[in-house]
Amino acid sequence: DKADMDVEAFEEGYIAAILVDEGGVAQVGSAVALMAANKDDIASVAAAGPKGGGAAAAAPAADAPAAPAAASIDAPAILMPALSSTMKEGKIVQWAKAEGDKVSAGDVLMVVESDKADMDVEAFEEGYIAAILVDEGGVAQVGSAVALMAANKDDIASVAAAGPKGGGAAAAAPAADAPAAPAAASIDAPAILMPALSSTMKEGKIVQWAKAEGDKVSAGDVLMVVESDKADMDV
């Protein structure tokens, strides 16, 4: 079941270039727009294009070999999200849920320390925490699995025993493994990436841009509306 979801900005700046128009589809982790930190840099960033100093896009999860299903048990992975366009890894400050706990969409799962600030990370779907793979204080690459969920309480033990390769969503290749793009005259030009709005989402369709090229963006502003494969939720 697909639904449209608002995607908010993590940082302030200006929309320098929209790379994927309304109606277009982009892989999770790929750049859909470029931002300029300063208004005077908009033209330079737009001219440089997506390779002009923007954050390297993570390899699409669809390119990773799918993990074998563990007896067809529904066991989505909880992935380390990208909480800013420059974030490559995150530190788990605190788990708000323990193994065995019931999770509902919108529940806070964990507190993550990014390169910006500590932020709550919410669940996109319901289920049960089957296994925590990265403990508090641990660091994980963006897109890597930090925990496994079981759709049903009876499957918790099976999912935990199967481990991260037991049917969980394939983690996206860390963006750090991608060759760094050369900086465009040292202009700060973070990319806006297509977020993973669920653990099973591989690509998203941009239904509408809420900002136009040249517009000022503040943290928390809605940037775009994305069609995902899950329920409505602000991100």
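**Strands, cores and a lysine**

Modeller: Let's start with strand 2 (residues 13–18) and strand 4 (residues 31–36), which pair in the antiparallel sense over four bridges. Strands here are DSSP runs (E, at least two residues), numbered from the N terminus, and two strands pair if DSSP finds at least two bridges between them. This is a predicted model, so local features need pLDDT of at least 70 and side-chain atom pairs count only at pLDDT 80 or more, while totals for chains, interfaces and linings use all residues. Residues are numbered from 1 along each chain as its sequence is written, and side-chain values use heavy atoms, with hydrogens and water left out.

Colleague: What stands opposite Ile18 in strand 4?

Modeller: Ala33 does.

Colleague: And what's the strand order in that open sheet?

Modeller: The order is 13-4-2-15, four strands with antiparallel pairing. Strand 13 (191–193) and strand 15 (216–217) are the edges, each pairing on one side only.

Colleague: Switching to the cores: which residues have the most contacts inside the largest nonpolar one?

Modeller: Val32, Ile192 and Met224, in a core of 21 residues. A nonpolar core is a set of buried Ala, Val, Leu, Ile, Met, Phe, Trp, Tyr and Cys residues joined through side-chain atoms within 4.5 Å; buried means under 20% relative accessible area, exposed over 50%, partly exposed in between (1.4 Å probe, protein chains only). There's also a second, separate core of 20 residues, with Ile92, Val112, Ile129 and Ala147 among them.

Colleague: Is strand 12 mostly buried or exposed?

Modeller: Strand 12 (residues 145–150) is mostly covered, with five of its six residues buried. It pairs antiparallel with strand 5 (residues 77–79) through three bridges, and also antiparallel with strand 10 (residues 127–132) over four bridges.

Colleague: Which charged end sits over the Tyr128 ring?

Modeller: That of Lys102, 5.6 Å from the ring centre. The rule is NZ of Lys or CZ of Arg within 6 Å of the ring centre and within 35 degrees of the ring normal. Lys216 likewise lies over the face of Tyr14, at 5.5 Å from the ring centre.

Colleague: Where is Lys97, then?

Modeller: Lys97 is in the loop between strand 6 (89–95) and strand 7 (102–103). Its side chain makes a polar contact (a pair of N or O atoms within 3.5 Å, one able to donate a hydrogen and the other to accept it; residues adjacent in sequence count only if both atoms are side-chain atoms) with the side chain of Asp107, at 3.4 Å.
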